[in-house]
Amino acid sequence: MTFDEICDFTTLYDAYKAARIGKRHRSSAAHFEANVLLATQKLSYILQTQKYKPGKFEVFYVYEPKKRLVQAPAFVDKVVQHALVDNLLYDLITKSFIRDNTATQVGRGTHDGLDRIQNHMREYFRKRKGRDENIRLAAGLPHRPIEEWDYADGWVLKADVRQFFHSINHDIVKEMLAEKIEDKRALELMYAYIDTSEGLPLGYQTSQLLALMYLDPFDHWVKERLGIKYYGRYMDDFYLIHENKEYLRYCLKEITSYLGSLHLSLNQKTCILPLRNGIDFLGFHLYLTETGKVIRKLRHSSSKRMKRRIRKWAKAQEAGEDIDLAHVWESYVSWNAHASHGNTRELRIKIKRMMTDNFKDPR
């Protein structure tokens with residue numbers, strides 16, 4: 001789609017409908033909706049005449065699972081970004097991505113990332129076991145019973161990028177973007193979004209996509225130059241599985257240097273651990289059994305946080321405070337859906353009992 005087509009009334013109206021999902025209760029969205037035809041027509045004119053400039057952020061902190069600064073854009077900026085991303089940028093930027101870059105893409109996400117790492121662990125198990133058995137047979141040694149086999153013999157480099165969004169270099173990301181976008185007006189609009197703050201603002205839809213793009217060459221380098229087959233990344237969180245600890249130490253040194261060229265660094269959680277210890281990834285702890293099955297245990301902090309929330313809501317209710325039961329149950333349903341992707345049946349039963357003992361389901 002061309003930039004002129006993006007500025008078209010119909011395209012912007014469709015973008016407005018996408019942007020309002022889950023946001024209709026907010027005043028800025030309600031104001032736009034109250035005058036939607038006029039507002040969309042005016043926005044079309046402003047974009048076509050290149051008078052559009054991004055508005056101010058609503059800045060606030062969220063504290064779970066950790067303290068983060070969020071810069072929420074004005075609703076009209078959400079409309080423009082949906083028009084840009086959904087009709088032009090997404091296909092241009094994501095077509096070069098490796099399969100194991102799993103964050104914020106159509107058909108991918110947290111649970112896809114968990115499935116991919118589980119597949120990597122299973123495949124590593126099968127190939128490692130088969131190779132070891134072939135070596136024994138070739139040497140004339142008897143088949144080794146499963147209980148004597150070190151089924152999780154291997155190592156994991158687990159890494160996180162420190163302050164990823166905040167550290168993204170504007171000159172580098174603009175250069176990458178210029179290689180993908182030919183339309184100068186679309187490019188200039190993207191530059192305007194990039195220059196609104198240091199690094200990339202967390203609240204922008206475009207920032208999510210640009211952050212994925214920023215490490216796309218790195219993904220290919222890890223897979224193709226370092227030769228790591230069992231590699232996966234979810235935004236700033238990634239892992240490498242390999243049988244040789246010394247080679248992973250070499251990889252860590254090379255990765256540190258590569259990321260340095262992008263003005264990025266790894267945080268203190270980065271480490272190399274035995275595969276038998278399992279892998280923490282995307283809120284779960286995954287580990288291999290002796291039969292090659294992968295068990296997913298929900299990270300303890302997640303269940304602890306949910307229990308703390310329920311107790312807080314229950315205490316407020318007992319004190320006679322007016323709590324939003326719909327929000328309470330919505331938060332629980334969201335947590336339960338995430339937890340259901342692990343081996344968590346007993347835990348989910350316990351949490352549900354806490355909910356039903358304290359709150360009436362308004363649905």
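Biologist: What should I keep in mind about the model and the numbering?
Modeller: It is a predicted model, in which local features need pLDDT of at least 70 and side-chain atom pairs count only at pLDDT 80 or more, while totals for chains, interfaces and linings use all residues. Residues are numbered from 1 along each chain as its sequence is written, and side-chain values use heavy atoms, with hydrogens and water left out.

Biologist: At what angle do α8 and α10 pack?
Modeller: Helix α8 (residues 170-178) and helix α10 (residues 205-214) pack at about 90 degrees with their axes 10 Å apart, where axes are lines fitted to C-alpha atoms, for helices over the stretch in contact, and angles run from 0 to 180 degrees between N-to-C directions. Helices (H or I, at least four residues) and strands (E, at least two) are DSSP runs, numbered from the N terminus. The pair α8 and α10 is therefore roughly perpendicular, given that 65 to 115 degrees counts as roughly perpendicular, under 35 as roughly parallel, over 145 as roughly antiparallel and the rest as oblique.

Biologist: And which residues of α8 and α10 meet there?
Modeller: Ile172, Val173, Met176 and Leu177 of α8 meet Leu210, Met213 and Tyr214 of α10, with contact meaning heavy atoms within 4.5 Å. The residues of this contact divide into 7 nonpolar, no polar and no charged; Ala, Val, Leu, Ile, Met, Phe, Trp, Tyr, Cys and Pro count as nonpolar, Asp, Glu, Lys and Arg as charged, and the others, Gly among them, as polar.

Biologist: How do the axes of α13 and α15 cross?
Modeller: The axes of α13 (residues 300-318) and α15 (residues 345-358) come within 10 Å and cross at roughly 10 degrees, which means that α13 is roughly parallel to α15. The contact involves residues including Met306, Ile310 and Arg311 of α13 and Leu347, Ile351 and Met354 of α15, and its residues divide into 7 nonpolar, 3 polar and 3 charged.

Biologist: How many bridges join β4 to β5?
Modeller: There are 5 bridges between β4 and the antiparallel strand β5 (residues 237-242), and tyrosine 231 has leucine 240 in β5 as its bridge partner.

Biologist: What about the sheet of 3 strands?
Modeller: It is an open sheet in the order β7-β8-β9, with antiparallel pairing, and its edge strands are β7 (279-281) and β9 (294-298). Strand β7 pairs with β8 (residues 284-288) over 3 bridges, and aspartate 280 has histidine 285 in β8 as its bridge partner.

Biologist: Last topic, which residues line the largest cavity?
Modeller: Its lining consists of Asp100, Thr102, Gly113, Arg116, Gly232, Arg233, Tyr239 and Phe281, of which 2 are nonpolar, 3 polar and 3 charged. Helix α6 (110-138) and strand β4 (230-234) each supply at least two residues of that lining. A cavity here is a set of points on a 1 Å grid over the protein atoms alone where a 1.4 Å probe fits but cannot get out, and lining residues have an atom within 4 Å of a point.

Definitions and conventions
Two strands pair if DSSP finds at least two bridges between them. On a 1 Å grid over the protein atoms alone, a cavity is a set of points where a 1.4 Å probe fits but cannot get out, and a pocket is an open set with protein on both sides within 12 Å along at least five of seven lines; lining residues have an atom within 4 Å of a point.
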